[in-house]
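Have a look at the sequence and the model, then read on.

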Amino acid sequence: PCPQSGYTVAVMNVGAPAAGMNAAVRSTVRIGLIHGHRMLAVHDGFEGLAFGMVRSYWEWGDPTGNGAGMGDPTGNGAGMKYFEEISANISKFGIHALVIIGGFEAFTGGLELVEGRARFEELCIPLCIIPATVSNNVPGSDFSIGADTALNTITNTCDLIKQSAAGTKRRVFIIETMGGFCGYLATMAGLAAGADAAYIFEEPFSSRDLQANVDHLTEKMKTSVKRGLVLRNERCNENYTTDFIYNLYSEEGKGVFDCRKNVLGHMQQGGSPTPFDRNFGTKMGAKAVAWITAKIKECSRHGRIFANTADSACLLGMRKRSLTFQPIAELRQQTDFEHRIPREQWWLKLRPILKVLAKYKIELDTSETAHLEHLTRKVLVPEATL
């Protein structure tokens with residue numbers, strides 16, 4: 001057994017399942033045990049923490065199954081109503097730090113816990129959030145665990161759907177993807193599967209755009225390619241629903257092409273995680289524990305832990321090529337809370353490529369790619385000169 005640190009770290013999942021969550025929990029728990037911490041599993045998200053649904057990870061082979069035995073915790077946000085209970089349980093179970101794995105709810109819940117620090121001393125503990133959601137809508141992170149698996153599933157499904165039209169003449173498929181208000185899945189799957197259009201909330205579209213897409217598809221049907229693919233994010237527009245777009249295309253395409261619609265639903269969450277998601281989850285878990293361990297030591301005063309600074313509650317996010325810890329309080333300004341998406345999203349720059357690949361006549365600005373990151377080389381000094 002590893003030397004005991006005397007500290008207790010709790011791991012919890014918040015929100016819907018995402019492929020790769022288990023890998024993150026597993027690596028968090030095992031690396032925590034190696035650091036000598038006592039590792040606790042919290043079931044059913046923040047509600048579970050409020051109602052004391054906490055158990056200890058005893059041996060190595062413990063975290064298994066979906067959500068690492070934490071059930072399907074669809075509990076939303078911490079909810080101000082549970083502060084007393086959560087604080088009581090943090091001191092009852094002697095929790096010194098908290099790792100939260102989840103999507104947007106994990107982020108908002110973490111923010112609420114930080115706000116509650118002023119009123120409840122027990123909440124003054126180091127806190128780390130690992131983004132895990134298929135929607136990829138967590139501020140402060142370019143990627144979240146589970147998005148890669150979802151994207152693979154959607155792309156494979158789109159391929160199968162397109163192949164189903166191989167024998168038929170002229171058919172357009174309208175496919176609805178998940179992701180809430182975040183158009184990441186629709187955009188990326190559109191790029192991968194060769195969609196003729198991808199409708200998303202972040203890029204408003206009008207009836208004229210829909211008409212232009214229909215005209216474009218009508219022209220396309222005159223060529224050798226006799227099938228079209230249109231993706232639509234589930235919350236891209238409350239009036240232009242999947243049914244509406246399907247009806248519009250069916251009417252406008254009469255005599256030229258026929259239409260089929262498909263709502264992918266929860267199959268998009270995928271079954272087994274892709275290698276990327278497993279790898280990513282494992283790295284995130286390991287990095288989170290290393291950070292938590294350092295923070296516990298930093299905030300420890302005479303055996304008691306008091307973490308009240310903004311940088312003691314962080315979100316571990318993938319930024320360009322590096323994994324960085326960002327104080328969640330600072331991410332508040334970057335968030336559109338009403339639509340549960342970050343204000344700025346890197347993948348929106350890829351949208352013009354969709355148009356080009358679908359053979360629309362547009363100007364494509366690729367100037368940004370010219371600015372490469374400059375790496376400075378370390379010059380090694382020969383030992384003799386030292």
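Helices H1 and H9 cross in a right-handed way; a crossing is right-handed if the near helix is turned clockwise from the far one by less than a right angle, and left-handed if anticlockwise. Please keep in mind that this is a predicted model, where local features need pLDDT of at least 70, side-chain atom pairs count only at pLDDT 80 or more, and totals for chains, interfaces and linings use all residues. Residues are numbered from 1 along each chain as its sequence is written, and side-chain values use heavy atoms, leaving out hydrogens and water.

**The H1–H9 pair**

- H1 spans residues 21–34 and H9 residues 275–299; helices (H or I, at least four residues) and strands (E, at least two) are DSSP runs, numbered from the N terminus.
- The two pack at an angle of about 35 degrees with axes 7 Å apart, where axes are lines fitted to C-alpha atoms, for helices over the stretch in contact, and angles run from 0 to 180 degrees between N-to-C directions.
- H1 contributes Ala23, Ala24, Ser27, Thr28, Ile31 and Gly32 to the contact, and H9 contributes Arg278, Gly281, Thr282, Gly285, Ala286 and Val289; contact means heavy atoms within 4.5 Å.

**The sheet and its helices**

- An open sheet of four parallel strands has the order E7-E8-E6-E9; two strands pair if DSSP finds at least two bridges between them.
- At the edges are E7 (197–199) and E9 (258–263), each pairing on one side only.
- From one strand to the next, the twist averages 20 degrees.
- E6 (residues 171–177) runs parallel to E9 and is joined to E9 by six bridges.
- Helix H6 (residues 184–193) lies across E6, E7 and E8, at about 165 degrees to E8.
- Helix H7 (residues 207–220) also touches E6, E7 and E8, and its direction makes about 160 degrees with that of E8.

**Around Gln268**

- Gln268 sits in the loop between E9 and H9.
- Its relative accessibility is 2%, so Gln268 counts as buried; buried means under 20% relative accessible area, exposed over 50%, and partly exposed in between (1.4 Å probe, protein chains only).
- Leaving aside residues up to four places away in sequence, Gln268 touches several residues, including Glu176, Thr177 and Met178.

**Cysteines**

- The structure holds zero disulfides, a disulfide being a pair of cysteine sulfur atoms within 2.5 Å.
- The sulfur of Cys124 has its closest cysteine sulfur in Cys299, 9.7 Å away, which is too far for a bond.
- Cys124 is buried at a relative accessible area of 1%, and Cys158 is buried at 0% relative accessibility.
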